[in-house]
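Trainee: I have a new structure open and I'd like to learn how to read it. Could you walk me through it?

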Amino acid sequence: MRILYVVHQFFPEFSGGTEQVTLNHAKAAQRDGAYAEVLTVTVGEAPKVPAYTVDGVPVHVIGQAVGDALLQLGYGEEAALKRRVERYLDSRPPFDAVHVMHAFRLVEAVEVLAERRIPYAVTLTDFFSICHRINLIRVNGDLCAGPEGGAACAAFCTIPEAAPEAYAARYERLTGLLRQASAVVAVSEYVAGRIRDQVPGLKVLVVGNGVDLLRFGPPKKRPADRPLTFGYLGTVSEAKGAGVLAEGFARAAPEGAVLRIVGPCYDDALAARLRGLGPSISLEGPVKADDVPDVLAGFDILCVPSQVPEAFSLSLHEGFAAGLPALVSDIGNVAAVVAKHRCGRTVKATSVEAWAEAITFAASKPKTVANWRKALPLPLRSEEEAFFYSQIYRGLARLRAAA
Amino acid sequence: MIIPTYNAGSEFYWLLRKLKAQKGLKGVEVVVVDSGSSDGTDTLAEKHGCTVVRIPNSEFSHSHARNLGADAASGDLYLFTVQDAYPASDTWLYTLARPLLRPASEDERVSALSATEFPRRDSELLYNAGVDTHYSFLGCRHNDRLGRMVERDHMSLRSQGQLSDVACLIPAETFQSYRYEGRYAEDLILGVRMIREGHRLAMVSSAKIIHSHNRPARYHLKRTFVDVLFLLDVFPDFSMPVVESVRGIVGGASALHALFQAWTPPTGAPAGETIAEFARRARRLAVDDAPAQPIHFGFEPLGPWLAEAIPADTHASRWDAELMRNMFADRLEGLAAFAGRVYGPIDDHLAVEMRHAVEKTLASTMGALLAYAYAGQSDARRPERMKALYDMMLAGV
């Protein structure tokens, strides 16, 4: 079987979560006996390196018009990009299955697939298909229920360069491509629910991101002399809630407890503010992926205070693997998962007071925290995720063969 | 669920949790048969509510441990699995059990079935290629396969009668009327015995078990030695070449290893064609007068044995050296076909994997030929040295 992965950016230039998941899928497909190739895009007419490999996975790069944000977001069509995608596909032996990992910057590529009736699966890792802001947060910071066919976008999230009718056209275009997909997969029930609400009748499967469980062993006994440790893992930003969490912790000031904030921070003002909140809060900088299990083993309670709805949160699930109950925002998938399993507590995302109260509660109720720990779900293993997709690819290949 | 264990390591924790998380069945009992773990495997199992049967390590055999586990189990169905496997969903066991409990039709009724494997993220290239070939042979690469008695030759018996103890589900009553037999490959033996008596078996690709290996060359050397002896023992029609000269086998292997050591897969070249080209080079290699260096692929006990066996070997060596070369090239061609289908251009990462796979193929080929050399001698005429080889190669496999 020949599988093509379509993703808006890739290694080595970018190394985010979607890129890593794409590489994981491609390598799992190879181990399972399939040929796997990645198609990605870069800004510029002609990429400097149009073809290379990453860990044995071939990657092909096509160029895109310089800096046209509207086109990248799915407003309007870049004919040249479409032609490049067509030339690329013409240059390759046919693919049996195509997996669209993210359509950002590559809506034209998905259109080519649909026009050529090449079966494709789309994974929804966020809300790009129904929200040009990607996260279902309006310009004014309010949560958005969905585009309502583009009307909500036109009312609350206008783009100066976009024509009034562009929002409805984008909605029709991108959701039309979802309807033409042979499989639509969301990374969480939360994402699937939002999409189903806005695209009536669309069948959406749910396959979460897998955790590399082999890196985690049984939870170790915590050292008796370690202070109660609240932990934050991920990019340190206001959107991810690092500020509100740290301020909540400083306000609660639980006796003998500490807050460790681990992850890269690109916001100097935020970093300075966090450092000024007292010695019990540490800002520890980025961590290598291989060291994540050790970092999590040093926490007692994971905090995921995102101010925008998380579509999945790998950190939360890696925390489960490390035996960590969680305090999480009351929005997005993290809230849904913690509420479902009762393995922590949801907290009003934007409220410093609420975070302070939750931290005080967790610090003073060890039995409750122990019960949360007992209720932790078993995360999906990364190979399980790969297996589910291998079944989807087989379905696509059957469609391709039948066509 | 019956799991033989020995120093299962930290990942065993995840298997126990996954087994306990299985949905759709009335209940799950886990029986662990531990053969002397020193890493706490047995106590971890007890902590998770498993029944633990402890046996001395010296008492372990694949059949014996599993039979003991079955005797300690109380359920209606036995699921035999292994300590480094992992079901690929929470409804995996239910999916597997359904054809036994509620077959959709009489055509689907089977007496036992096994799940096929989905590779772990640390799986090696040679294992992946081997599974691909094996499942294609069994007819379960992409489909569920029903096996039944068709012909009596070993190819038919093996393809139809294969069960796998990585995940083998069988009603307790059926199992107890057969039980495992043999020191090794007890799953295949069970399956062949069952189809000979009219049972139908299934190899299921729709419910996978996550499992694979990444083992050193020395393991492949030993494992293939054991595999070949097993096939010769169980299937009388399994044909074998005449191999007499250990000096010839090792001479061929050491010449090929020298060729391998000088080989660097070129960056950017197509992976499959690169291995195929190396196979062609190997096939052209003159090995008839190759000096036999005691090459042991990291299996240290074999070194001193070879140092004694090679000078003492008086058989003509040319035929066996050439056989070693040709069998290695044949096997490489199989590996090349898989690599050609799966990989594109070579990079540093892939080059390392390819080199490992090629060296393990060489070790595996030498293991096969040593087994033929051993099996070619009757028990009465077999020198003590060859008996020592047998004991050495079987230890720990």
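Mentor: Let's begin with chain B. Taken over C-alpha atoms, the centres of its domain 1 and domain 2 are 30 Å apart. Before going on, note that this is a predicted model, where local features need pLDDT of at least 70, side-chain atom pairs count only at pLDDT 80 or more, and totals for chains, interfaces and linings use all residues. Residues are numbered from 1 along each chain as its sequence is written, while chains are lettered from A and ligands numbered from 1 in the order in which they are written.

Trainee: Which residues belong to domain 1 and domain 2 of chain B?

Mentor: Domain bounds come from an automatic or database domain assignment. Here domain 1 covers 2–210 and domain 2 covers 217–394. Their contact takes 12 residues from domain 1 of chain B and 15 residues from domain 2 of chain B; two residues are in contact if their C-beta atoms, placed from the backbone, lie within 7 Å.

Trainee: Which element gives the most to the domain 1 side?

Mentor: Helices (H or I, at least four residues) and strands (E, at least two) are DSSP runs, numbered from the N terminus. On that side, helix 5 of chain B gives the most, with 5 residues. Helix 5 and helix 6 (154–161) each supply at least two.

Trainee: How do I read the span of helix 5 of chain B?

Mentor: The expected span is 1.5 Å times one less than the number of residues. Helix 5 of chain B (residues 125–138) has 14 residues and reaches 20 Å from its first C-alpha to its last, close to the 20 Å expected. Just after helix 5, B:Gly139 takes a positive phi of about 80 degrees.

Trainee: And which residues of helix 5 of chain B are buried?

Mentor: A residue is buried if 20 or more other C-beta atoms lie within 10 Å of its own, exposed if 12 or fewer, and partly exposed in between, with C-beta atoms placed from the backbone. In helix 5 of chain B, the buried ones include B:Leu125, B:Tyr127, B:Gly130 and B:Leu138.

Trainee: What about chain A: how many helices and strands does it have?

Mentor: Chain A comes to 15 helices and 14 strands. Of its 403 residues, 49% count as buried. Its C-alpha trace spans about 65 × 50 × 40 Å along its principal axes.

Trainee: How many residues do chains A and B bring to their contact?

Mentor: Chain A brings 23 residues and chain B brings 29 residues. On the chain A side, the largest share, 5 residues, comes from helix 15 of chain A.
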